[in-house]
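Before reading on, take a moment to look over the sequence and the structure, and try to follow the path of the chain from one end to the other.

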Amino acid sequence: MRHNEGIYRKVNVVIYYSNTDHSKRIAEYIAQQSGFPLSDIFDLTEYTFDTAILVFPVHCQNIPQAVKILLDQLRTKALIPIATYGKMCCGNVLYEIQKRYNHIITAAAYVPTKHTYLHENEFADYESLNPILSKINSREKIVIPKTYKNPLSNICKGLRSRMGVKIYKDSKCNNCGKCNAACNNNAIAYGKTNRKCIRCLKCVEQCPQKALHFISRLPMRIYLRKKKYDKLIIYVK
Ligand SMILES: Cc1cc2nc3c(=O)[nH]c(=O)nc-3n(C[C@H](O)[C@H](O)[C@H](O)COP(=O)(O)O)c2cc1C
């Protein structure tokens, strides 16, 4: 049985949007501890829930597009958004969710994880997320304060990632097309990316031949050298 079968009969859910599995692993922990069914954001066909826990990465200090589309469709009595971020800047995404979407937020968190473009340790302290688990049946609304977001971060988001990171294939590529199937943006064909690519690196992660690689270009490397902001922030009442 697939992990997410049966969610349509139940009223609670843990939804994840994840490209390199950091958010997915956190969602799996929360689903396991709460007993809520787990679903990939792209497998959802039902959008009405009692409590929805939504785990997703911060992209360029913003809410990823797939998450925005979901938030437009979601009908839930309580929402618990959990944003993972690569210790650069979490932006203001939880505050933006509170402001833009008409959901009652009963708990929320920013979780510092391994950055997609850096070789470093992954987030492992899952038990530090337990205060959220104690609030999953709450209907008490919380207020999320505004956090710092670079005022330029809304400009050319996709382009910045595309310019900063290059994806390339080596001779091990056998044109199996798994990268085409893995990509949620139709942004790659047989190892060659197009302008829709956001450099999420899902294709690199999932290539069965390990034929796809990435390099960060100089401006990205300089940016990633910045002092890291390594803080777990949990909002509960
Ligand atoms: C396109 C892109 C943009 C990102 N932007 C940020 C950012 O602005 N700040 C940050 O701290 N981390 C950023 N990250 C890092 C991810 O938020 C972080 O690694 C996250 O855990 C990845 O989650 P996933 O494996 O579930 O996709 C970015 C990653 C990608 C791929």
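## The chain as a whole

The model shown here is a predicted one, and the chain in it has eight helices and 10 strands. Its radius of gyration is 18 Å, close to the 18 Å that the globule rule gives for 237 residues, so the chain is as compact as a globular protein of that length.

Along its principal axes, the C-alpha trace of the chain spans about 55 × 45 × 30 Å. Of the 237 residues, 37% count as buried.

Which strands pair with β1 in the parallel sense? One of them is β3 (residues 48-57), which pairs with β1 over five bridges, and within this pairing tyrosine 16 has valine 55 of β3 as its bridge partner. Another is β2 (residues 38-40), which pairs with β1 over three bridges, and here the bridge partner of isoleucine 15 is serine 39 of β2. Between β1 and β2 the chain passes through α1, and this β-α-β crossover is right-handed.

## Around the ligand

There are 27 residues around the ligand, and those that come nearest are Ser18, Thr20, Ser23, Pro57 and Gly86. The elements that give two or more residues to this shell are α1 (22-34) and β4 (75-85), and the largest share, three residues, comes from α1. Sorted by kind, the shell has nine nonpolar, 13 polar and five charged residues.

Why does the ligand lie between two domains? Domain 1 (12-149 + 227-235) and domain 2 (157-224) both give residues to the shell around the ligand, so the ligand lies between them.

## Two residues with a positive phi

Most residues other than glycine have a negative phi, and most peptide bonds are trans. Cysteine 156 has a positive phi near 50° although it is not a glycine, and its place is in the loop between α4 (130-133) and α5 (157-164). Is this cysteine 156 buried or exposed? Cysteine 156 is exposed, because 12 other C-beta atoms lie within 10 Å, and a residue counts as exposed at 12 or fewer.

Leucine 201 is also not a glycine, and its phi is positive at about 70°. This leucine 201 sits in the loop between β8 (192-193) and α7 (202-206), and with 18 C-beta neighbours inside 10 Å it counts as partly exposed.

## A buried tyrosine

Tyrosine 110 belongs to strand β5 (residues 108-112). Because 22 other C-beta atoms lie within 10 Å, tyrosine 110 is buried, the cut-off for a buried residue being 20 or more.

How far apart in space are tyrosine 110 and valine 11? Taken from C-alpha to C-alpha they are 25 Å apart, while in sequence tyrosine 110 and valine 11 are 99 residues apart.

How values were computed:
Residues are numbered from 1 along each chain as its sequence is written. This is a predicted model: local features need pLDDT of at least 70, side-chain atom pairs count only at pLDDT 80 or more; totals for chains, interfaces and linings use all residues. A residue is near a molecule or strand if its C-beta atom, placed from the backbone, lies within 6 Å of it. Helices (H or I, at least four residues) and strands (E, at least two) are DSSP runs, numbered from the N terminus. Ala, Val, Leu, Ile, Met, Phe, Trp, Tyr, Cys and Pro count as nonpolar, Asp, Glu, Lys and Arg as charged, and the others, Gly among them, as polar. Domain bounds come from an automatic or database domain assignment. Two strands pair if DSSP finds at least two bridges between them. A crossover is right-handed if, with the strands pointing away from the viewer, the path from the first strand over the helix to the second runs clockwise. The radius of gyration is taken over C-alpha atoms; the globule rule is 2.2 Å times the number of residues to the power 0.38.
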